[in-house]
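Dear colleague,

My notes on what was found in it follow directly after.

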Amino acid sequence: MLNFNICRTFIILVCVIGSNGRTIQTHNNLLSSRSLFDEKNKEHWKIQAQWTLRTKLDTQLNTQVAKNVILFLGDGMSIPTLAATRVYIGRKYGRTGEELKLSFESFPFTGLAKTYCVDHNVADSACSGTAYLSGVKANSGTVGVSAAVKRGDCKGQQDPHNTVTGLMDWAQRAGKSTGIVTTTRVTHASPAAAYAHSAERKWEADADLTEQGRSCEDIASQLVRGRVGSHIDVVFGGGRKNFYSQKDKDSNGNLGYRNDGRNLIREWIINKQSKGATPTYIENRRDLLNLDKRAYNSVLGLFASDHMPYNLEAEANNPTLSEMTQKAIEILSQNKNGYFLFVEGGRIDTAHHETKARKALDETAELAKAVEAAMRMVDPANTLIVVTSDHSHTMSYSGYSKRGSDILGLVNAKFNGSDNLPYSTLSYANGPGYKPHSDFRRHNLVLDDMNDLNYTFPSLVPMPRETHGGEDVAVFAKGPWAHLFSGNYEQNFIPHAIAYAACIGPGLTKCSL
Ligand SMILES: *[C@@H]1O[C@H](CO)[C@@H](O)[C@H](O)[C@H]1NC(C)=O
Ligand SMILES: *[C@@H]1O[C@H](CO)[C@@H](O)[C@H](O)[C@H]1NC(C)=O
Ligand SMILES: [Zn+2]
């Protein structure tokens, strides 16, 4: 079994050390010999490749039962986003960056998942969430219901034949603790797909229910009352406004968004108490960091009125994704039957929609840190960690800049377009970054301040929101049965493989043999 020792940074080239003493020796030699970091020296490449080979040869298949499972989801975390984030991080550490790995890129097994939905070739977070959390492909805009339900079809949602449940439900039935951590509203499409059944992802609060959906239960209410939602032990994220009345204000003076006058935070506490749990509600970073895991086994943390802020714009009282992940693991790991935790880096996607590539890469780096924080806390022998994305985006990473160039800058001027105007390394096929032409000439990007964290990267087609992309997403796995995630498969295979490893759910499992 490959035993990862993770050192200070999440830059894995200098951090992953095999359990085998010989490998450590080789690696130390590699570190101590400066010339071997010289890429012009052919020995550098040979040793690096030989070390990768030895690491692979040392990897044994882990066929234990996965007591714990953590599924990390980078919303909109396309493969170009991963490659660009390495360079973004590398520059912070004074490295060129291209040669580095994000924490989860060191996982021993990787695969590719096909993300299309039943009705559209390019997925949204709702149908894809239904696929990777519940194992069934659905229609765009719907969560936790089969493709027999068209988007907005409230009657279809209410028909129990169309209900789809998955990992949360299966883990709860097996006596495991369950949790959700996200940087978006906890009622947003990806987390909602874990516990809700809704024909329309936008029905987050009762005030969102259109005429068509009037008799359907909103997503926030399903988190508090639903069979699966009401059993989730830890819920951390944003979206407080969907839990209380438009007539009330929270401690920061923000008005709620509900029409029905219900206070779902109070209902959540009462419901947990009635089940014999010890619940608490928190809403800032200090409460989170000071929370005593022995005092509470159920925690609702709503840290923002809407989505949580981007990491680049966060304030001292906003917890990081890593902090939320660590606390969730502390609480959930008290269950001797283990746990299932879903962690979403949800703002990679919103940043891409705005073509704000700097924020998208930074949010991806935050997800990599959260994965690293989790790796430090869990036993790799009994904990399966899967890291993936729900769909791609249209961001392209194009050439030919020099190694270590600013990933958020322009390509070297000698490679200007045939109009002799420069282009940026990162650009989008569509979105709000469209720059109007003047005098039939493309906008000259030299005039732009690309260091502004709100800079909208160039887009070919003007659109208020950049769209998702249709290609496959990467899947990284480590721990029991991680090898099942190799290859190319449909996205809805993911929860089936997780359930097999963890001996949960109605399908074939490691324990059913
Ligand atoms: C590329 O475009 C920039 C900006 O207009 C200009 O300064 C530079 O000279 C151009 N490069 C070449 C090789 O013409
Ligand atoms: C970036 O945009 C956000 C709103 O989207 C705004 O709150 C923030 O002040 C802007 N930051 C800068 C540096 O302009
Ligand atoms: Zn999106």
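**Findings**

Serine 322 is buried, with a relative accessible area of 10%; buried means under 20% relative accessible area, exposed over 50% and partly exposed in between, with a 1.4 Å probe and protein chains only. The residue belongs to helix α11 (residues 321–332). Helices (H or I, at least four residues) and strands (E, at least two) are DSSP runs, numbered from the N terminus. The side chain of serine 322 reaches the backbone nitrogen of alanine 370 at 3.3 Å. That is a polar contact, defined as a pair of N or O atoms within 3.5 Å; within protein, one must be able to donate a hydrogen and the other to accept it, and residues adjacent in sequence count only if both atoms are side-chain atoms.

Please note that this is a predicted model, in which local features need pLDDT of at least 70 and side-chain atom pairs count only at pLDDT 80 or more, while totals for chains, interfaces and linings use all residues. Residues are numbered from 1 along each chain as its sequence is written, chains are lettered from A and ligands numbered from 1 in the order in which they are written, and side-chain values use heavy atoms, with hydrogens and water left out.

**Ligand 1**

The residues around ligand 1 are Ala413, Lys414, Asn416, Asn420, Pro422, Asn444 and Val446, where a residue is near a molecule or strand if one of its heavy atoms lies within 4 Å of it. This shell divides into three nonpolar, three polar and one charged residue. For that division, Ala, Val, Leu, Ile, Met, Phe, Trp, Tyr, Cys and Pro count as nonpolar, Asp, Glu, Lys and Arg as charged, and the others, Gly among them, as polar. A nitrogen atom of ligand 1 lies 3.3 Å from a backbone N or O atom of alanine 413. One oxygen contact, at 3.0 Å, involves a polar side-chain atom of asparagine 420. An N or O atom in the side chain of asparagine 444 is 3.2 Å from an oxygen atom of the ligand. On its own, ligand 1 has 360 Å² of accessible area, of which the protein covers 51%. Accessible areas come from the Shrake-Rupley method with a 1.4 Å probe, and for residues only the protein chains shown count as cover.

**Salt bridges**

The structure holds 32 salt bridges, each being a side-chain nitrogen of Lys or Arg within 4 Å of a carboxyl oxygen of Asp or Glu. One of them joins the side chains of lysine 92 and aspartate 362 (3.8 Å, N to O). Because lysine 92 lies in helix α3 (residues 79–92) and aspartate 362 in helix α13 (residues 357–377), this pair ties together parts that are 270 residues apart in sequence. Lysine 92 counts as exposed at 56% relative accessibility, whereas aspartate 362 is buried at 2%.

Glutamate 313 and lysine 359 also meet through their side chains in a salt bridge (2.9 Å, N to O). Glutamate 313 is in the loop between β6 (298–302) and α11, and lysine 359 is in helix α13, so this pair links parts 46 residues apart in sequence. Glutamate 313 is partly exposed, with a relative accessible area of 37%, and lysine 359 is buried, with 3%.

Among the buried residues are Ile494, Pro495 and Tyr500.

Most residues other than glycine have a negative phi, and most peptide bonds are trans. Phenylalanine 440 has a positive phi of about 60° and is exposed, with a relative accessible area of 87%. Tryptophan 481 likewise has a positive phi, near 60°, but counts as buried at 12% relative accessibility. The peptide bond from glycine 399 to tyrosine 400 is cis, with omega near 5°; tyrosine 400 sits in the loop between β10 (395–397) and β11 (426–431).

Yours sincerely
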